Amino acid sequence: MEQQLDRPNVSSVRLPHGISMGRSRSAKLVRPFRGMRIERDVDSAAARLHAFAAHRRTDFAFSHSTAAAIYGLPLPSWSSESIHVTVPAGCRPPVIRGFVGHKLARWHTVEVAGLPVTTPEQTWLDLATMLRHDDLVVVGDHLVGGPHALTDRERLRRAISESAGRRGIGHARLALESVRTGSESPGETRLRLTLVRAGLPEPSPNYRILDARGAFVARADLVYPVAKLALEYEGDVHRVDRDVWRRDIARRERVEDLGWRMVRVTADDLHDPAALVARVRRLLRTR
């Protein structure tokens, strides 16, 4: 699940003040929790979060998988659908159906899309109590990767050190060892983890392939430079978008003209990776 929550129009969130009893019972309104009404036709995850923010106002932040969704982090489809809310230690977390309350001693928050949210580092630590190892590494790669990185490995490491003893810290510390800068999709991360777990050398992510004059030719997802072996993770967009498909073919031809070998990988290969691992191992040995 990869979800970016947009801020709804102000008119989509209605407070009960000034609404008559009859109006509050209208079929056009839904009640996400006591004392709050939202118009049914704009009821959404974002509207519910803004409704709670208007209701609570202070001393809270959205956290865990809820914060991850606000940041647009790639979560597995089975992750929690409950709304996670964290309050400072000493405050009372919400007791509302569909909400999960937490307390936090190290209180630092940021605002995203008009909502108070735990920091990227704290959000990742909180996810360590919910996600499996590879899923946590996927989120970590997303946080530290790309031109719009939300944090870096050193800040994640510092957050772990400052939260010693909290639940999930050991899990986060182990996952951080596998977090890398440069991965640009969950599929790339999972492919890298699969290869390393099988005992193969760790490939370089998003490697720039140059020609003999040093001119840029292509950037490959994962590369073994010495063997001139490049692996490309092909998501559905490579299959259904004709322009992307054509560019992929032209790029592959240019790269292979330089003596490189390109291996295309799909989600099916990762579900049963034995054949893929054997193929990569053979290519590394022969090249």
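This is a predicted model: local features need pLDDT of at least 70, side-chain atom pairs count only at pLDDT 80 or more; totals for chains, interfaces and linings use all residues.

Colleague: Is Trp 260 buried or exposed?

Modeller: The cut-off for a buried residue is under 20% relative accessible area. Trp 260 has a relative accessibility of 9%, and therefore it counts as buried.

Colleague: Which kind of aromatic pair do Tyr 207 and Trp 260 form?

Modeller: The count of aromatic pairs comes to five. In the pair of Tyr 207 and Trp 260, the centres are 6.1 Å apart and the planes stand at 45°. Planes under 30 degrees apart would count as stacked and those over 60 as edge-to-face, so the pair is tilted.

Colleague: How many residues apart in sequence are the parts that this pair ties together?

Modeller: Tyr 207 belongs to strand E9 (residues 204-210). Trp 260 lies in the loop between helix H10 (242-257) and strand E12 (261-265), so the parts tied together are separated in sequence by 53 residues.

Colleague: Which residues do ring pairs link into a cluster?

Modeller: Ring pairs also join phenylalanines. The members of the cluster are Phe 52, Phe 60, Phe 62 and Phe 99.

Colleague: At roughly what angle do the axes of helix H5 and helix H7 cross?

Modeller: H5 spans residues 133-144 and H7 spans residues 169-176. The crossing of H5 past H7 is right-handed. His 133, Leu 136 and Val 137 of H5 make the contact with His 171, Ala 172, Leu 174 and Ala 175 of H7. The two axes come within 9 Å, and their crossing angle is roughly 65°.

How values were computed:
Residues are numbered from 1 along each chain as its sequence is written. Side-chain values use heavy atoms; hydrogens and water are left out. Axes are lines fitted to C-alpha atoms, for helices over the stretch in contact, and angles run from 0 to 180 degrees between N-to-C directions. Helices (H or I, at least four residues) and strands (E, at least two) are DSSP runs, numbered from the N terminus. A crossing is left-handed if the near helix is turned anticlockwise from the far one by less than a right angle, and right-handed if clockwise. Contact means heavy atoms within 4.5 Å. Rings of Phe, Tyr and Trp (its six-membered ring) pair if their centres lie within 6.5 Å; planes under 30 degrees apart count as stacked, over 60 as edge-to-face and the rest as tilted. Buried means under 20% relative accessible area, exposed over 50%, partly exposed in between (1.4 Å probe, protein chains only).
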